[in-house]
Amino acid sequence: MKEIKFRGNDKESQKMYQITDINFSDYVANGVCYGDWKEFSINNLLQYTGLKDKNGIEIYESDICRCYGGIQEFGQYEYSGIYEVKYTGNGFDMIKNNCGYGWGLSGAMDVIEVISNI
């Protein structure tokens, strides 16, 4: 079963925190950032996809990933690119250039590497 986790960034410091508790009435969260516990106002709430990249890094919504897949010939993959992880209503997809074209996150790519986040 998929582990349900969230992270979010503090409106003031813009630091990313692992969310441990959310008070939706005030849209305030308690979180941990680099071992420090803090209460903060959430700017963006990002859900964990339940998957990890090739380096073992957890993949969250809005992460930017370098992806490769398909047949490999002459050191090149059949398809590759930079994608954003987005929730599309049916699950998480890899979306390129906000055009609605994407690969399902769970199996379309052979190699996924998180390089950044929005």
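Guide: Start with Lys 86, which stands opposite Asp 93 in S8. This is a predicted model, and the pair belongs to a stretch where four bridges join S7 to S8, the two running antiparallel. Between S7 and S8 the hairpin has four residues, and Gly 89 in that turn shows a positive phi of about 100 degrees.

Now look at the other partner of S7. S6 and S7 also pair in the antiparallel sense, this time over eight bridges. Here Arg 66 is the residue opposite Ile 82 in S7. The hairpin of S6 and S7 leaves two residues between the strands, and Phe 74 takes a positive phi near 55 degrees.

So what do these strands pack around? The largest nonpolar core has nine residues, among them Cys 65, Cys 67, Tyr 83, Val 85, Phe 92 and Met 94. Strands S6 (63-73), S7 (76-87), S8 (92-95) and S10 (111-117) each supply at least two residues of that core.

Asp 63 makes a side-chain polar contact of 2.3 Å with Arg 7, a residue of strand S1 (residues 6-10). Arg 7 is buried, at a relative accessible area of 12%, and its contacts also include Tyr 60 and Asn 117.

The lowest mean, 58, falls in strand S9 (residues 102-104). Where pLDDT is low, the predicted coordinates should not be read in detail.

Conventions. Residues are numbered from 1 along each chain as its sequence is written. This is a predicted model: local features need pLDDT of at least 70, side-chain atom pairs count only at pLDDT 80 or more; totals for chains, interfaces and linings use all residues. Side-chain values use heavy atoms; hydrogens and water are left out. A nonpolar core is a set of buried Ala, Val, Leu, Ile, Met, Phe, Trp, Tyr and Cys residues joined through side-chain atoms within 4.5 Å. Buried means under 20% relative accessible area, exposed over 50%, partly exposed in between (1.4 Å probe, protein chains only). pLDDT is the predictor's confidence in each residue, from 0 to 100. A polar contact is a pair of N or O atoms within 3.5 Å; within protein, one must be able to donate a hydrogen and the other to accept it, and residues adjacent in sequence count only if both atoms are side-chain atoms. Contact means heavy atoms within 4.5 Å. Two strands pair if DSSP finds at least two bridges between them. Lists of a residue's contacts leave out its neighbours within four places in sequence.
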